[in-house]
Amino acid sequence: MKEIHVTAVSEAVAALAVQACCRLPGDMLEGLRVARAQEPSAVGRNILDQLLENADIAAREEMPICQDTGLAVVFADLGQDVHIVGGGFEDAVNEGVRRGYMDGYLRKSCVAEPLFERKNTRDNTPAVIHTRIVPGDSLRLRLAPKGAGSENKSVLKMLVPADGIEGVRKVVLDAVLAAGPNSCPPMVVGVGLGGTMEVAALCAKKAAARDLESVNPDPRYAAFERELLEMINRTGIGPQGLGGLTTALKVHVEWAPTHIASLPVAVNINCHAARHAEVVL
C-alpha cells in the first residue's frame with residue numbers, strides 16, 4: 001500500500017492552479033500555431049497572433065492568461081492501492097486550490113451560494129472535484145480551470161434514439177452558434193453522449209479538458225470528432241467571432257452506456273486557452 005500525505009496533494013494542486021492559469025499547455029500553443037498557418041482571414045490571423053503573444057507574455061511574466069481564472073475543476077484518478085494519510089483527500093485538494101489562488105494572485109470567482117446572497121468565498125474554494133477509484137498505486141490530478149464565458153454556453157439535451165446522429169449534430173451546431181464570440185473562439189468543444197443526464201454532462205466536461213492532440217480510441221467516434229470539427233469551422237464564426245476558418249481547434253467526444261430509450265447529449269465549450277495541467281503522485 002502506497003501512502004501519500006495530504007500535504008503532497010495540497011502542494012501539487014497549488015502548483016497546478018498557477019501553472020494552468022499562467023502557462024498555456026504546449027498542445028494548445030501548437031494548435032494555435034497550426035491554425036494561424038491555415039487561417040485564410042487576415043483579421044483571423046491577426047487575432048491568432050495576438051493570442052499567441054498573450055500566451056507568451058503570460059508565461060514570461062507568470063501572469064494569468066485571462067483575468068477569469070475560473071472555478072477549479074479537478075479530475076482525480078485515485079489508485080486503489082493508495083492510502084491518503086494525514087487528513088481528508090477533498091480537504092487537501094481545497095487547501096491546494098486556496099493556496100494556489102491566494103499565493104498566485106489569481107482571481108477568486110467562487111460564490112458560496114448561487115441565488116440569494118452570492119457571497120464570494122474569497123479563496124476560490126470549494127473546488128469541483130471528480131474522483132475515480134482506479135487500479136494502481138498512483139494519484140493522477142488534472143486541474144482544468146473553467147471560466148464563465150465558455151461555461152455559460154453549456155448545453156444539455158435529452159434526445160431519444162430516433163433523433164440519431166442528425167439530432168446530435170444539431171445539438172452541437174446550435175450550441176456553437178449560440179455561443180458565437182462569447183466563448184472566445186477558437187474554442188475546444190467537448191461533447192458527451194449517453195449515460196444519464198449528469199453522466200452526459202460529466203462526459204462533456206472530461207472531453208473539453210482532454211489534451212488537444214488526443215483522439216477517441218473508438219474509430220467511429222474519432223471520425224465523428226473530425227466531422228463535427230469540420231461542421232463547426234464551416235460556420236465562419238472564426239477567431240473571436242470576427243470571421244474566418246478557425247472557429248474551433250478541436251472537438252472531443254466522450255460517451256457512456258445509456259438506457260434503451262435515451263440519447264442524452266451534452267456540450268461543454270472551452271475558450272481558446274482550454275487551460276489544463278496534470279501531475280501524477
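A cavity here is a set of grid points where a 1.4 Å probe fits but cannot get out, and its lining residues have an atom within 4 Å of a point. With that in hand, welcome to a short tour of this predicted model.

**The cavity**
- Searching the whole structure turns up one cavity of 30 Å³ or more.
- The largest cavity holds about 40 Å³ of space.
- Sorted by class, the residues lining the largest cavity are five nonpolar, one polar and three charged.

**The pocket**
- The largest pocket has a volume of about 530 Å³.
- Its lining counts 19 residues, and F75, D77, R132, R142 and K206 are the ones nearest the pocket centre.
- At least two lining residues come from each of β2 (73-79), β4 (128-134), β5 (139-143), α7 (197-208) and β8 (248-258).
- The top contributor to the lining of the largest pocket is α7, with four residues.
- Nine charged residues line the largest pocket, alongside seven nonpolar and three polar ones.

- You will find E39 in the loop that links α2 (26-38) and α3 (42-61).
- Leaving aside residues up to four places away in sequence, E39 is in contact with G44, R45, L48, P239, G244, L245 and T246.

Terms used:
Residues numbered from 1 in each chain as written. Predicted model: local features only at pLDDT ≥ 70, side-chain atom pairs only at ≥ 80, totals over all residues. Heavy atoms only, no water. Contact = heavy atoms within 4.5 Å. 1 Å grid on protein atoms, 1.4 Å probe; cavity = no way out; pocket = protein on both sides within 12 Å on 5 of 7 lines; lining within 4 Å. Points joined across faces, edges and corners; volume = space filled by probe spheres on them. Nonpolar A, V, L, I, M, F, W, Y, C, P; charged D, E, K, R; others polar.
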